[in-house]
Amino acid sequence: NLVGIQKMKTDVGRFTDESRQPNNYWLATSVLMEIGHFAKMAWQNKDEELYQNYLRILKDMLKWSESGKYEMKNRVISGPEEFKKRILSDLEL
């Protein structure tokens, strides 16, 4: 609720070239964890098509975020070691 607030600190960015594409943006660890969880469930249920769909989503998100790649490698992936190796390999991390 902003009622009565006169000033607000903000960070503003702008595109630096004509591509107008995001570059190296921050991804919430919790979002990556949720998608990673559902990818793990698909993998555990041997639903390769669903697993690949989650993988495509993660790859698309991670291609724009160095911090997201770090989070995936170091904090997000949990579960069986076989799954960790598979998804990190599939994500080319």
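The model is predicted: local features need pLDDT of at least 70, side-chain atom pairs count only at pLDDT 80 or more, and totals for chains, interfaces and linings use all residues. Residues are numbered from 1 along each chain as its sequence is written, and side-chain values use heavy atoms, with hydrogens and water left out. The chain has four helices and zero strands. Two aromatic pairs are counted.

**Fold and overall shape**

- Along the sequence the pattern reads α-α-α-α. Helices (H or I, at least four residues) and strands (E, at least two) are DSSP runs, numbered from the N terminus.
- The radius of gyration is 17 Å, well over the 12 Å that the globule rule gives for 93 residues, so the chain is more spread out than a compact globule. That radius is taken over C-alpha atoms, and the rule is 2.2 Å times the number of residues to the power 0.38.
- Along the principal axes, the C-alpha atoms fill a box of roughly 55 × 35 × 25 Å.
- Of the contacts between residues at least 6 apart in sequence, 69% join residues at least 24 apart. A contact means heavy atoms within 4.5 Å.

**Surface and charge**

- Of the 93 residues, 28% count as buried. Buried means under 20% relative accessible area, exposed over 50%, and partly exposed in between (1.4 Å probe, protein chains only).
- The chain exposes about 7300 Å², and carbon and sulfur atoms supply 50% of this area. Areas come from the Shrake-Rupley method with a 1.4 Å probe; for residues, only the protein chains shown count as cover.
- The chain carries 15 positive and 14 negative charges, and their mean positions are 5 Å apart. Lys and Arg count as positive, Asp and Glu as negative; His and the chain ends are not counted. Each charge is placed at NZ of Lys, CZ of Arg, CG of Asp or CD of Glu.

**Aromatic pairs**

- Rings of Phe, Tyr and Trp (its six-membered ring) pair if their centres lie within 6.5 Å; planes under 30 degrees apart are stacked, over 60 edge-to-face, and the rest tilted.
- Phe-38 and Tyr-54 are stacked, at 6.1 Å centre to centre with 20° between the planes. Phe-38 sits in helix 1 (residues 29–44) and Tyr-54 in helix 2 (residues 48–62), 16 residues apart.
- Phe-38 is partly exposed, at 40% relative accessible area.
- The ring centres of Trp-43 and Phe-83 are 5.3 Å apart and their planes meet at 50°, so this pair is tilted. Trp-43 lies in helix 1 and Phe-83 in helix 4 (residues 81–90), so the pair ties together parts 40 residues apart in sequence.
- Trp-43 is buried at 18% relative accessible area, and Phe-83 is buried at 1%.
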